[in-house]
Amino acid sequence: MSSERPDIDHSNFLKRLWRSFTIAPLVPEDDRERKRTVLNTLVLHLHPPTVPMATIRYTHTWGLGGMGLVLFLLLASTGLLLMFTYEPAPGQAYGSILKLKGHFLFGKFVRNIHHWSANAFIVVALLHMLRVFFTGGHREPRQFNWILGLCLLLFVLFSNFTGYLLPWDQMAYWAITIMTSMLAYIPLAGNWLQEILRGGGEIGPATLVNFYTLHTTLLPILFVIFMPWHFWRVRKAGGVVLPKAEGGAGEDNPERVHTIPYLVVKEFAVALTLIAAIFLLSIFVNAPLQEMANPGMSPNPAKAPWYFLGFQELLMHFHPLFAVFVIPVLTGILMILLPYFRYGSDGIGTWFISKRGRRMAVISAAAAMIFTPGAVILDEYLIDLQKWLPGLPPEISNGLVPFVMLLAVVTGYYFYLKRKYESTKAEITQAVFIFLLTSFIVLTIIGVWFRGEGMKLVWPGG
Amino acid sequence: MNKNNTSTTQTHTRRTFLTRFWLLLGLAALAELVWVAVSFVKPKKQKQTAATPSIITAGPVDSFDLGSVTAFPRGRFYLARLENGGFLALSRECTHLGCTVPWVEEENRFVCPCHASTFDIKGVVTNPPAPRPLDIFPVTIENDVVMVDVSEAVERKRFEVGQVVRGY
Ligand code: HEM
Ligand code: FES
């Protein structure tokens, strides 16, 4: 016994294997070093060692950004499984989905998780964007991260779009038809883009391969590049946005807590709850699958998934040049410019900026809830610009004219607010943003519940 | 001092030149990459032997009632017979974004299920967003039999009487 050498590890092989795997090769000697080793984990590649206390309250970020990451991971893992069974050819795609649902262990479940995670991704990315905007997280010095976020939002939307084309059911086929036809209205590059994306003049096998490659390779790669970039910029800005002074502990002098365990525990709680919710949903609600694609007959009504119905509603009211090109491009430019207006720093980190900001927000939402349904109903039953302005090309009578009218309403609203409230630039921008946002939500609601056969206005269920 | 100055500006310009040169090369490489990528996704131009005529025999003139619309799924068109006896072969593709428009008998018009465009029996837009009338296919009538050439749809800006084909 006394011959046992202290410098030799006498534990069994499995233990030693496990230890070699989990413990750093140099076991630190003192407490200080040991703490450093613990901190030197993956977590701290992402987070700083300490974070301001105020930022880890749930109600500050609602954990939405982190949920985005969790959903991405869920999508990547279920997507990988789906790739083993899916066949990207018009003749086989639909059958391969049926086979997946019928013959594979948990096939339906995996497909459901993928479907519901994708839907949740849209909701989460949008809510996260709103959280950032309404707490002033887009303002200096975080402007560029807002732009990275917009790119991510675009990827989320485009991933969803390219994803629901793959089953080659009726919804897929007509969504591809409509989307690639929309491209033709883009000035100059439109026809070229359309031919590239379709892989020819008509929709066929080449089109499906294009969308499959975008969905399973290009877009995921973009996520993998942009997400860490996005997180890194959060860290570079010194963490998420904080009120300037909240009981003395504001952006300049925050009270800090250790990331491990305080932040990490909360992140795990959010992640596990979200995963549980998605799994539960996937057990009880199946992802939809319409009939097999039939190029001879569009479904009636032919509706996009819910998140595009606001856009589809827009298409019904404006000439496609405006609905497809002018309005989306202008919206995009505005969204990019949003953080670069000179706001100053008042109200940063505070929900809705200020009391007045909150009141203007509520009024703007209410105004949009009256204006938008009104405009839709008027356009449906009363306004017929094409007939009232005969001789004008439809780009003008059904495009430019209603667009200018819309612009006039928004500008008028802007000046009304400006006169009525002595508000700051941040408050007034927020109010106009809410007006447009609420309008879009209303359009989406109309599209989901108030459009029936032939896309006519109906009462839901009636 | 003076000499020193010129030498720094010289290395400076040389360095700037080299940097720009590399940048240019990099951009050229990138352009080539994009070019290759585009040529991969671009459809192989299989020159279709220019518009092979494919004629569909619709049937004898008298088998179509005045003011009726008959679907020909095989030819992807509707044969419309106007009240004056003339014929129009209308493409079933909506001119808005390409959905298939059904003929709704009770309303006497085509109603698009995608964004609610409507067209009358002549294919003329009665409700936007569709920007132009339904495309037409050339119709010929020989020995009282209506025939439609479906090789290529013809776009039109508006309805003109000349588009209607009459047997006699
Ligand atoms: C793939 C989707 C996205 C993921 C995974 C993601 C992830 C994150 C995470 C983890 C944070 C840290 C704070 C938090 O959790 O709220 C964050 C902050 C931020 N995000 Fe995102 N995000 C996404 C999309 C977006 C979008 C659509 C926007 C807006 C256009 C955006 C803009 C920002 C900005 C400006 C910050 C810094 C805000 C602050 O410091 O308070 N992100 N994001
Ligand atoms: S495709 Fe027919 S109205 Fe849009």
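Student: Which atom of ligand 1 does a backbone N or O atom of A:Gly65 lie 3.3 Å from?

Tutor: An oxygen atom of ligand 1. Keep in mind that this is a predicted model. A pair of N or O atoms within 3.5 Å is read as a polar contact, so the A:Gly65 backbone makes one with the ligand.

Student: What about A:Val241 and A:Arg131: backbone or side chain?

Tutor: One of each. A:Val241 uses a backbone N or O atom, 3.0 Å from an oxygen atom of ligand 1. A:Arg131 uses a side-chain N or O atom, and the distance to a ligand oxygen is 2.9 Å.

Student: Which elements give two or more residues to the shell around ligand 1?

Tutor: Look along chain A for α5 (64–85), α7 (107–134), α8 (143–165) and α11 (205–236).

Student: How many residues surround the ligand, and what classes are they?

Tutor: There are 27, with A:His128, A:Arg131, A:Arg142, A:His230 and A:Val241 the closest. By class, 15 are nonpolar, 10 polar and 2 charged.

Student: Which residues coordinate the iron atom of ligand 1?

Tutor: To read a metal site, find the donor atoms, then check the angles. Here A:His128 and A:His230 each coordinate the iron through NE2, at 2.0 to 2.1 Å. The iron has 6 donor atoms with angles of 84 to 178° among them, and the site is octahedral.

Student: Why does this pair tie together separate parts of the sequence?

Tutor: Because A:His128 sits in helix α7 of chain A and A:His230 in helix α11 of chain A, the pair links parts 102 residues apart in sequence.

Student: Are those two histidines, A:His128 and A:His230, buried or exposed?

Tutor: Both A:His128 and A:His230 are buried.

Definitions and conventions:
Residues numbered from 1 in each chain as written. Chains lettered and ligands numbered in written order. Predicted model: local features only at pLDDT ≥ 70, side-chain atom pairs only at ≥ 80, totals over all residues. Heavy atoms only, no water. Near = heavy atom within 4 Å. Polar contact = N/O pair within 3.5 Å; in protein donor to acceptor, adjacent residues only side chain to side chain. Helix = DSSP H or I, 4+ residues; strand = E, 2+ residues; numbered from the N terminus. Nonpolar A, V, L, I, M, F, W, Y, C, P; charged D, E, K, R; others polar. Donors = N, O, S within 2.8 Å, 3.2 Å for Na, K, Ca; no water. Tetrahedral: all angles 85-135°; square planar, octahedral: opposite > 155°, others 65-115°. Buried < 20%, exposed > 50% of the residue type's maximum accessible area, 1.4 Å probe, protein only.
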